[in-house]
Amino acid sequence: MSTLLLSLIGSIGFLISAVGEYAAIGAGIAAFTGVGAGIGMGIATGKAVEGIARQPEAEKKIRTTLLLGLAFAETTAIYGVFIGILTIVM
């Protein structure tokens, strides 16, 4: 298992060096979208907890809206990682 992992890491390193330094920088910036999505999800979750604490009878509506918003934020993070991988490969 570890030899497979080492060969995978080696091939990724080869791709980065073959494509160039700028592609690796672009991929890092694209993958950085996960940080923004994580911060946004944390803020949204905190506000949802505050809303439920203030108005417990609205818990269902708040939870539904929260889950929909978290799904959109997570999709943004996944797109960023995907673009980062495409930047390295291409």
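Accessible areas in these legends come from the Shrake-Rupley method with a 1.4 Å probe, and for residues only the protein chains shown count as cover. This is a predicted model, in which local features need pLDDT of at least 70 and side-chain atom pairs count only at pLDDT 80 or more, while totals for chains, interfaces and linings use all residues. Residues are numbered from 1 along each chain as its sequence is written, and side-chain values use heavy atoms, with hydrogens and water left out.

View 1. The chain has 4 helices and 0 strands, where helices (H or I, at least four residues) and strands (E, at least two) are DSSP runs numbered from the N terminus. Read from the N terminus on, the elements follow the order α-α-α-α. The chain exposes about 6,800 Å², of which carbon and sulfur atoms supply 75%. Of its 90 residues, 14% count as buried; buried means under 20% relative accessible area, exposed means over 50%, and partly exposed lies in between (1.4 Å probe, protein chains only). Among the contacts (heavy atoms within 4.5 Å) with a separation of 6 or more, 76% are accounted for by residues 24 or more positions apart.

**View 2. Confidence along the chain.** The predictor's confidence in each residue is given as pLDDT, from 0 to 100, and the chain averages 80, with 76% of the residues scoring at least 70. Where pLDDT is low, the predicted coordinates should not be read in detail.

**View 3. Helix α4 and its buried residues.** Helix α4 (residues 59–89) has 31 residues and reaches 45 Å from its first C-alpha to its last, close to the 45 Å expected at 1.5 Å a residue; the expected span is 1.5 Å times one less than the number of residues. In α4, the residues L66, A73, A77, G80, G84 and I88 are buried.

**View 4. M41 and its neighbours.** M41 is found in helix α3 and counts as buried because its relative accessible area is 18%. Leaving aside residues up to four places away in sequence, M41 touches L70, A73 and E74. M41 and F72 are 31 residues apart in sequence, and their C-alpha atoms are 9.7 Å apart in space.

**View 5. A31 and Y79.** A31 has its place in helix α2 (residues 21–31) and is partly exposed, with a relative accessible area of 38%. Although A31 and Y79 are 48 residues apart in sequence, they are 8.7 Å apart in space, C-alpha to C-alpha.

**View 6. The salt bridge of E59 and R63.** A search of the whole structure finds 1 salt bridge, meaning a side-chain nitrogen of Lys or Arg within 4 Å of a carboxyl oxygen of Asp or Glu. The side chains of E59 and R63 meet in this salt bridge, at 3.4 Å from N to O. Both residues lie in helix α4, 4 residues apart, which is about one turn of the helix. An α-helix has 3.6 residues a turn, so residues three or four places apart point the same way. E59 counts as partly exposed at 34% relative accessibility, and R63 counts as partly exposed at 40%.
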